[in-house]
Amino acid sequence: MIKNIVIIICLSLLSVLSSCSNTEKLDLVNAEVTITNDESIVGSFTPKGKKQKVIPTDLYYKFTVKNNSNKDITQIDEIKIEPNKKLMSVVKNTVGSNIYNMDENKFTWKRGFSEIPSKGKGTFTLNYTLGAEKGSNAYSPLPSKEDLEKLKENALDGTLIMLENKKEIARFKLQPDE
């Protein structure tokens with residue numbers, strides 16, 4: 001009888017501990033990518049001494065993540081894409097640098113986070129500037145339409161990584177292996 005009670009208590013503790021260790025279970029619900037020069041997304045600026053504003057073109061990612069835990073996710077420090085070899089090759093051939101590495105990126109980038117409530121969804125965005133159609137000293141000329149299309153076709157060949165309080169909380173392959 002005591003042996004059965006001890007087993008039940010151990011199983012109960014194991015169940016509680018396993019649910020506690022799974023407090024940050026996240027699922028990637030949706031991953032979208034586009035190449036855009038929509039000013040409301042990418043912004044614009046007017047070069048000094050010029051009258052016409054310059055609107056860059058960005059590689060724009062939008063992710064929706066579901067929080068399956070009972071804990072709000074509020075302190076997202078970083079969200080980044082780790083490109084696979086194919087995407088890295090396309091990016092370097094198209095843009096000339098690794099836009100996913102902030103130390104190597106010669107262009108601008110932006111990110112947007114939202115809190116992910118418990119049992120709810122949050123949206124995250126990443127923008128990587130690719131250039132601009134109108135010449136300016138701030139941006140390189142935009143790659144060709146063919147190169148941009150190839151980049152868009154391969155833009156989900158990588159892994160999305162999320163960090164909370166400097167600790168990795170999620171890693172999602174953006175596209176299944178073929």
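This is a predicted model: local features need pLDDT of at least 70, side-chain atom pairs count only at pLDDT 80 or more; totals for chains, interfaces and linings use all residues.
Residues are numbered from 1 along each chain as its sequence is written, and side-chain values use heavy atoms, with hydrogens and water left out.

## Chain layout

The chain has four helices and seven strands, and from the N terminus on its elements run α-β-α-β-β-α-β-β-α-β-β. Helices (H or I, at least four residues) and strands (E, at least two) are DSSP runs, numbered from the N terminus.

Of the 178 residues of the chain, 37% count as buried. Among contacts between residues at least 6 apart in sequence, 66% join residues at least 24 apart, a contact being heavy atoms within 4.5 Å.

## T57 and T36

T57 is placed in strand 2 and counts as buried at 5% relative accessibility. Leaving aside residues up to four places away in sequence, T57 touches I35, T36, N37, Y128, T129, L130, G131 and L142. The C-alpha atoms of T57 and T36 are separated by 5.4 Å, although the two residues are 21 residues apart along the chain.

T36 is found in strand 1, which spans residues 26–36, and is buried, with a relative accessible area of 13%. A polar atom of the T36 side chain lies 2.9 Å from the backbone nitrogen of D38. Not counting residues up to four places away in sequence, T36 touches I41, V42, P56, T57, D58 and Y60.

## The largest nonpolar core

The largest nonpolar core holds 31 residues, of which L26, L59, Y61, F63, Y100 and M162 touch the most other members. Such a core is a set of buried Ala, Val, Leu, Ile, Met, Phe, Trp, Tyr and Cys residues joined through side-chain atoms within 4.5 Å. The elements that give two or more residues to this core are strand 1, strand 2 (56–67), strand 3 (76–83), helix 3 (85–94), strand 5 (121–132), helix 4 (145–154), strand 6 (158–164) and strand 7 (167–173). In soluble globular proteins, nonpolar side chains tend to be buried together.

With residues up to four places away in sequence left out, L59 touches V33, T34, I35, I99, Y100, L126, N127, Y128, L130, L151 and A155.

## Packing of helix 3 and helix 4

Helix 3 and helix 4 pack at an angle of about 160 degrees, with their axes 10 Å apart; axes are lines fitted to C-alpha atoms, for helices over the stretch in contact, and angles run from 0 to 180 degrees between N-to-C directions. That angle makes helix 3 roughly antiparallel to helix 4, since angles over 145 degrees count as roughly antiparallel, those under 35 as roughly parallel, 65 to 115 as roughly perpendicular and the rest as oblique.

The crossing of helix 3 and helix 4 is left-handed, a label used if the near helix is turned anticlockwise from the far one by less than a right angle, with right-handed used if clockwise. At this packing, K86, L87, V90, V91 and T94 in helix 3 meet D147, K150, L151 and N154 in helix 4.

## Loop residues

E115 is placed in the loop between strand 4 (109–112) and strand 5 and is partly exposed, with a relative accessible area of 45%. E115 and Q75 are 40 residues apart in sequence and 7.8 Å apart in space, C-alpha to C-alpha. Not counting residues up to four places away in sequence, E115 touches D72, I73, T74, K121 and G122.

K119 is found in the loop between strand 4 and strand 5 and counts as partly exposed at 49% relative accessibility; its phi is near 60 degrees, a positive value in a residue other than glycine. N165, in the loop between strand 6 and strand 7, is exposed, with a relative accessible area of 52%, and has a positive phi of about 50 degrees although N165 is not a glycine. Most residues other than glycine have a negative phi.

Notes:
Buried means under 20% relative accessible area, exposed over 50%, partly exposed in between (1.4 Å probe, protein chains only). A polar contact is a pair of N or O atoms within 3.5 Å; within protein, one must be able to donate a hydrogen and the other to accept it, and residues adjacent in sequence count only if both atoms are side-chain atoms.
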